[in-house]
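User: I have a model open and want to learn how to read its local features. Can you take me through a few?

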Amino acid sequence: MYPILEKRLLAEGIWLMQVLAPRVAHSAQPGQFVIVRVDEHGERIPLTISDFDPAQGSVTIVTQAIGASTRKICSLDAGDAFADFAGPLGHPSEFVTMQPGELRRRHYLFVAGGVGTAPVYPQVKWLREHGVAADVIIGAKTRDMLIYTDAMRAVAENLHIATDDGSEGFKGLVTQVVEELVEKQGRHYDECVAIGPMVMMKFVALTTKKYGLRTTVSLNALMVDGTGMCGACRVTVGGRTRFTCVEGPEFDGHEVDFDEAMRRQGMYRTQEQRAAAIEAERAAGHQCKIGLDK
């Protein structure tokens, strides 16, 4: 069992949990993920690592309560425990393997959207600890949905915020901020890393391609079982079929077929709606027959 040391609400429906998992914490690298299960009957849920503390033996995850399984995760409290907490899985961010001298000459731009802000944080934090400058753009629909702004401000060289409604920072899209920094202000970056909703990453990649700015995206949202066996995380990158959970989760954003990836994301919407309906009926004390054979 893996006890929850801390649980904290970051925004509506978005929870941070610090979990005691010493072996995972000692091996974790930025960009990797874990597989969690609430109990022995629970679904396997891949979650990108949002921070890790080897000294404390803790790993931080951030979960948004969207479907039946993520709501079950978010219903746990400090003192409760996960049945399984497997990891770290996936390949770490490429910069982890670079030579220190080469790395310190680089300047990174991170674009984070929504819950994707959480896995951006350990990457920027790691770079800061290794003397590498990184600018960060955080985007959200409204001020109330922003997360990790204080933590990110402490590790980023410059933090830019964009909200759709203008309730905080720039009013508009993160891509407009990218254009402002690169095209209008003439800032130079060696690489852009974008993590967030699939559609956001698509348009960030289209924007950076105009400037010849190498862009890495994380496709963790496609993962289901985390082993590559289910095939749900298949994605076309540079004309080749790749498996996000075993070959990623990070890929060249200019090579990803985002339209295909977004279609794949929508494949399980009906099943998720059915599971949510069954969960609601059970919570009300009813035996739901939705989706069951007659």
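Analyst: Start with a single residue and its partners. This is a predicted model. Setting aside neighbours within four places in sequence, Thr-142 is in contact with Thr-163, Asp-165 and Ser-167.

User: Where does Thr-142 lie?

Analyst: Thr-142 sits in the loop between S10 and H5. Its relative accessibility is 22%, so Thr-142 counts as partly exposed. The cut-off for buried is under 20%. The C-alpha atoms of Thr-142 and Gly-166 are separated by 7.2 Å, while the two residues are 24 apart along the chain.

User: Next, the backbone. What should I look for?

Analyst: Most residues other than glycine have a negative phi, and most peptide bonds are trans. Look for departures from that. Tyr-148 is not a glycine, yet its phi is positive, about 65°. Another case is the peptide bond from Gly-87 to Pro-88, which is cis with omega near -5°. Pro-88 belongs to strand S8, residues 84-89.

User: Is Tyr-148 buried or exposed?

Analyst: Buried, with a relative accessible area of 13%. Tyr-148 is found in the loop between strand S10 (133-140) and helix H5 (149-155).

User: How many aromatic pairs does a search of the whole structure find?

Analyst: Six. One of them joins Tyr-121 and Tyr-148: the ring centres are 5.4 Å apart, with 55° between the planes, and the pair is tilted. Tyr-121 lies in helix H4 (residues 117-129) and Tyr-148 in the loop between S10 and H5, so the pair ties together parts 27 residues apart in sequence. Both Tyr-121 and Tyr-148 are buried.

User: Which residues do ring pairs link into a cluster?

Analyst: Phe-95, Tyr-108, Phe-110 and Trp-126.

User: Now helix packing. How do I describe two packed helices?

Analyst: Use the angle between their axes and the distance between the axes. Take H6 (residues 174-184) and H7 (residues 198-210): their axes come within 9 Å and cross at roughly 20°. Angles under 35 degrees count as roughly parallel. H6 and H7 are therefore roughly parallel to each other. The crossing of H6 past H7 is right-handed.

User: Which residues of H6 and H7 make the contact?

Analyst: From H6, Val-174, Thr-175, Val-178 and Glu-179 take part. From H7, the contact is made by Met-200, Phe-203, Val-204, Thr-207, Thr-208 and Lys-210. By class, this contact of H6 with H7 has five nonpolar, three polar and two charged residues.

Key: Residues are numbered from 1 along each chain as its sequence is written. This is a predicted model: local features need pLDDT of at least 70, side-chain atom pairs count only at pLDDT 80 or more; totals for chains, interfaces and linings use all residues. Side-chain values use heavy atoms; hydrogens and water are left out. Axes are lines fitted to C-alpha atoms, for helices over the stretch in contact, and angles run from 0 to 180 degrees between N-to-C directions. Helices (H or I, at least four residues) and strands (E, at least two) are DSSP runs, numbered from the N terminus. Angles under 35 degrees count as roughly parallel, over 145 as roughly antiparallel, 65 to 115 as roughly perpendicular and the rest as oblique. A crossing is left-handed if the near helix is turned anticlockwise from the far one by less than a right angle, and right-handed if clockwise. Contact means heavy atoms within 4.5 Å. Ala, Val, Leu, Ile, Met, Phe, Trp, Tyr, Cys and Pro count as nonpolar, Asp, Glu, Lys and Arg as charged, and the others, Gly among them, as polar. Buried means under 20% relative accessible area, exposed over 50%, partly exposed in between (1.4 Å probe, protein chains only). Rings of Phe, Tyr and Trp (its six-membered ring) pair if their centres lie within 6.5 Å; planes under 30 degrees apart count as stacked, over 60 as edge-to-face and the rest as tilted.
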